[in-house]
Amino acid sequence: MDGPVARTTDLVKRFDALTALDGVSMAIEPGKVTGLVGPDGAGKTTLIRILAGLMAPSGGEVEVLGAPAGQKLDDLGYMPQRFGLYEDLSVIENLTLYAEVRGLPRAEHKESFDRLLDFTDLARFQDRLAGKLSGGMKQKLGLACALVKAPRVLLLDEPGVGVDPISRRELWAMVGDLTDQGIGVLWSTAYLDEAEKCDAVYLLNEGKLLFDGPPGDLTGKVGDRVFRVTGFKDRRRHFLTRTLDRDEVIDGTIQGRSVRLLMAEDAPAPTPESLDAAGGTVEPTPPRFEDGFIERLGGGPKGTSALAERYRDIPENDQCAITAEGLTKRFGDFVAASDMHFEIPRGQIFGLLGPNGAGKSTTFKMLCGLLTPTSGSGAVAGHDLRRSRADARASLGYMAQKFSLYGDLSVRQNLDFFAGAYDLDRKTAERAIAAMIEIFELKGKLDVNAGTLPLGFKQRLALACAVMHEPPVLFLDEPTSGVDPVTRREFWTHINGLVEKGVTVLVTTHFMDEAEYCDRVTLIYRAEQIATGTPDELKAQAGKLAGLDDPTMEDAFIALIEEFDRKREAKEAA
Amino acid sequence: MSGFSPRRLAALVRKEGAQILRDPSTFLIAFVLPMILLFLFGYAVSLDTSRTRIGLVLQDSSAPALRLAQAYQTSPYFEVTMARTIQPMREKMVGGDLRAIIVIPSDFGAGVKRGRPPAIQIITDGSQPNTANFAAAYGEGVRAQWAAAEGLERNPGAAGPPVSLSARFWYNPELKSRYFLVPGSIAIVMTMIGTLLTALVVAREWERGTMEAMMATPITMVEFIVSKLLPYYLLALCSMAMCTAIGIWAFGVPFRGSLLTLFAIASAFLMPALGLGLFISSATKNQFVASQIATLAGFLPTFLLSGFIFEIASMPWPIQAITYIVPARYLIPSLQTVFLAGDQWGLILPNIGVMLGFGLFFFTLSFRVTRRSLD
């Protein structure tokens with residue numbers, strides 16, 4: 001069939017008061033990867049569910065393989081966000097089930113399974129229960145189940161979330177094979193770097209299409225406006241802050257020792273002089289999809305953080321803010337974190353990087369005093385984790401994964417609660433709450449239940465609740481997962497500002513470009529620290545290993561993990 | 001949309017079967033829990049009347065008063081504690097050591113001499129109504145027997161001995177409670193499997209996101225629902241068979257009907273039980289809520305309102321009215337009949353009819369709420 005395998009026209013989907021999709025027209029072409037890109041809550045999953053026939057649209061038209069959605073299910077492959085696997089069935093039983101319900105003739109079972117097990121490299125694990133597979137393996141099995149009877153349309157709902165970069169790269173290679181066979185693939189993602197790998201991209205934000213076309217068209221629009229500044233004299237966070245405050249700069253991010261800038265449309269190309277960075281160099285650098293997205297959203301926030309301006313100065317002292325000395329956690333036979341060593345001086349950002357399940361959160365929880373280490377010790381703000389856990393906890397602010405707020409309390413009640421939990425006296429509490437409301441622009445939302453806030457506001461509120469007592473140490477667990485890039489910039493503006501005031505930050509992330517904000521990072525893989533250093537050091541190390549010129553943080557990550565695996569295999573072989 | 005496919009159904013049933021076999025909690029609910037229930041009801045819990053502890057306050061020491069006191073002491077129904085004043089007895093009753101106090105007043109002997117014995121006082125502990133009624137009735141009975149033996153209170157007109165009433169209990173001559181508790185626990189077990197387990201498994205598919213993946217395949221909702229019901233229907237029958245076997249071999253419960261009738265009754269009851277479970281899970285889509293509602297709407301009514309523990313005839317009428325919508329109310333008498341009396345179709349058939357009717361009702365509801373949609 002020529003023409004698209006699926007299309008929507010002016011699609012609208014409303015849930016009560018919320019409009020999840022607002023007039024979206026799109027098409028999936030055969031033999032191509034169509035990217036559905038946008039932050040959490042943009043409407044990606046809703047659109048995919050409508051295409052799969054799982055939801056009825058409130059308006060507009062949907063057509064899949066020339067029929068209304070939900071009719072040609074025989075030729076549709078769908079992988080939901082949670083893969084749709086039965087965890088108490090083995091790999092081969094899951095495949096058999098999907099083959100049977102999709103009506104694959106029995107005679108073809110073996111051939112199809114052999115091909116898919118080979119394709120996904122799961123042949124060795126075919127009798128293992130799906131629940132016992134790693135995240136990356138589950139994802140591959142989910143894909144195999146969707147492919148068990150060769151579909152003509154394949155819908156993948158955020159297949160790259162929470163999976164380590166290596167599995168993610170393998171998955172892209174597999175999808176490349178599929179498009180060669182003429183399958184039309186829809187790949188939804190919140191990672192903007194994945195958009196660049198698609199043949200065509202639909203960029204969704206708050207239910208509206210911001211852009212559609214080849215990704216190059218979006219980056220092309222900002223192509224000559226992205227620059228990298230290196231060699232400036234002041235501290236990089238300070239330089240970023242003051243540069244962002246300039247009118248002609250609409251976005252900026254830290255990249256190791258350099259700073260990446262996006263200039264306004266009619267602004268002249270910057271020079272070291274115009275940026276007040278004498279002795280530095282300014283050079284053009286290739287644009288990214290994210291730059292285009294930021295521009296569409298009207299640019300990033302300015303550089304000065306209102307939060308940091310009001311924050312107290314954290315006094316200097318000669319001891320490290322956070323130390324870990326051989327922290328180890330075992331659950332029975334299973335080692336969740338092994339021999340973690342690091343020291344974080346006052347006023348630095350330290351990042352724990354690694355795929356899901358590698359041991360980041362375990363390490364993090366031991367340092368927060370939420371888990372007792374099996375062996376080793378640690379200290380936060382001078383308080384030993386074993387002896388004075390409560391004091392250690394009182395001196396840190398904690399922002400948990402997915403913003404653990406009380407969803408059924410209002411914004412105001414959440415603020416009140418956390419002020420009480422930190423034992424602020426009434427006057428201080430009132431002042432702190434008033435400040436938070438002003439800084440994070442929460443005034444209009446005070447009576448709204450936190451659970452119903454848009455993601456960006458949830459993140460602001462979570463940060464407000466974590467810093468209300470002005471702690472010297474901040475713990476951030478996946479703080480910007482799924483939020484749009486402008487909200488993410490705002491968040492880092494605050495964090496950068498706080499760090500300039502002397503706050504020490506420990507952050508876990510699997511966003512590789514977020515790692516660039518860190519002063520030092522440690523890469524955690526299979527419960528071990530496999531590399532520690534500044535982002536530039538790790539990139540240089542990986543560049544040598546993989547023979548790359550200008551590796552990204554993600555390249556570094558992959559190269560270091562592959563090196564680790566090679567060494568381990570060699571050791572096991574010996 | 002493709003029509004019903006036996007092949008897809010078979011694949012789904014096999015999947016469900018594999019999940020049941022691998023899930024230790026299913027095994028626990030289907031086989032271990034019934035055993036615990038049976039042994040609990042068979043040995044530990046007994047509704048048979050044994051000797052009730054009463055206090056006897058003897059304020060008179062005349063010969064007739066002593067003879068009456070002796071009548072209480074030798075009664076097989078009472079275990080008597082004696083005292084002269086009521087005060088210590090009252091404390092013991094508050095403490096739960098005594099269930100009733102019987103007071104023989106100080107002018108008792110004098111009254112007997114005059115030919116008009118004064119009333120004795122029976123105080124019972126109303127917090128345990130069944131025992132209280134029992135104590136009051138039997139306490140009065142002992143006194144009446146004594147009065148007859150003393151030659152008092154005989155109806156002056158009647159010459160010969162009064163009509164003597166001799167009670168005879170049919171079907172359960174020794175009135176052993178385990179004879180009706182064993183069939184009762186079968187009802188509990190089938191409710192657990194039919195309603196609770198079924199409620200959990202469909203909700204689990206929603207929670208784990210497998211429902212979403214399944215709905216994007218060509219399966220029909222009929223196939224999906226039948227694939228959930230069939231395995232649990234069989235599981236419940238197996239569990240019932242086990243309970244019956246234990247009841248007969250281990251507890252000596254008589255089984256006077258036929259296995260076929262038992263099978264028909266159990267199958268009829270499983271329709272509303274499974275239907276309710278399915279409806280709950282499809283409506284809630286959440287395992288925790290489903291288990292709470294299944295307990296409230298399935299397990300508790302079966303336990304309390306089916307006539308299993310509490311006799312329906314002695315409930316207040318609004319509660320009695322509610323029992324008519326509890327499917328287990330029709331199961332318990334049917335089971336008791338098939339075990340203790342035999343295949344009394346006149347009683348069993350209408351009950352089967354009502355249970356099937358409830359089943360149809362719940363299935364209609366479930367098909368209404370289980371739509372192939374995430375909206």
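Predicted model: local features only at pLDDT ≥ 70, side-chain atom pairs only at ≥ 80, totals over all residues.
Start with the make-up of chain B. It holds 14 helices and four strands. Of its 375 residues, 40% count as buried.

Next, the annotations. An unreviewed UniProt entry marks "transmembrane region" on chain B at residues 27–45, 179–203, 230–252, 259–283, 289–310 and 347–367. Two of these spans can be looked at in the model. Residues 259–283 of chain B are 100% helix and 0% strand. The end C-alpha atoms of that span lie 36 Å apart. Residues 289–310 of chain B are 73% helix, again with 0% strand. Here the end C-alpha atoms are 28 Å apart.

The unreviewed UniProt entry gives "domain: ABC transporter" for residues 6–231 and 322–551 of chain A. Over residues 322–551, chain A is 37% helix and 27% strand. The end C-alpha atoms of this stretch are 30 Å apart.

Now bring the chains together. In the interface, 23 residues of chain B are in contact with 23 residues of chain A. On the chain B side, the elements that give two or more residues are helix 1 (6–22) and helix 8 (210–215). Helix 1 of chain B gives the most, with eight residues.

The largest nonpolar core has 249 residues. Which of them touch the most other members? They are Leu51(A), Leu461(A), Leu474(A), Met190(B) and Ile265(B). The list includes residues of chain A and of chain B. Helix 7 of chain B, residues 177–208, gives the most to this core, with 17 residues.

Leave out residues up to four places away in sequence, and Met190(B) touches Ala236(B), Met240(B), Ala266(B), Phe269(B), Leu270(B) and Ala273(B). Compare these with the annotated spans. Ala236(B) and Met240(B) fall in the annotated span 230–252. Ala266(B), Phe269(B), Leu270(B) and Ala273(B) fall in the annotated span 259–283.

Technical notes. Residues numbered from 1 in each chain as written. Chains lettered and ligands numbered in written order. Contact = placed C-beta atoms within 7 Å. Core = buried A, V, L, I, M, F, W, Y, C linked by C-beta atoms within 7 Å. Buried ≥ 20, exposed ≤ 12 C-beta atoms within 10 Å, placed from the backbone. UniProt positions renumbered as here; feature names shortened; annotations may be inferred.
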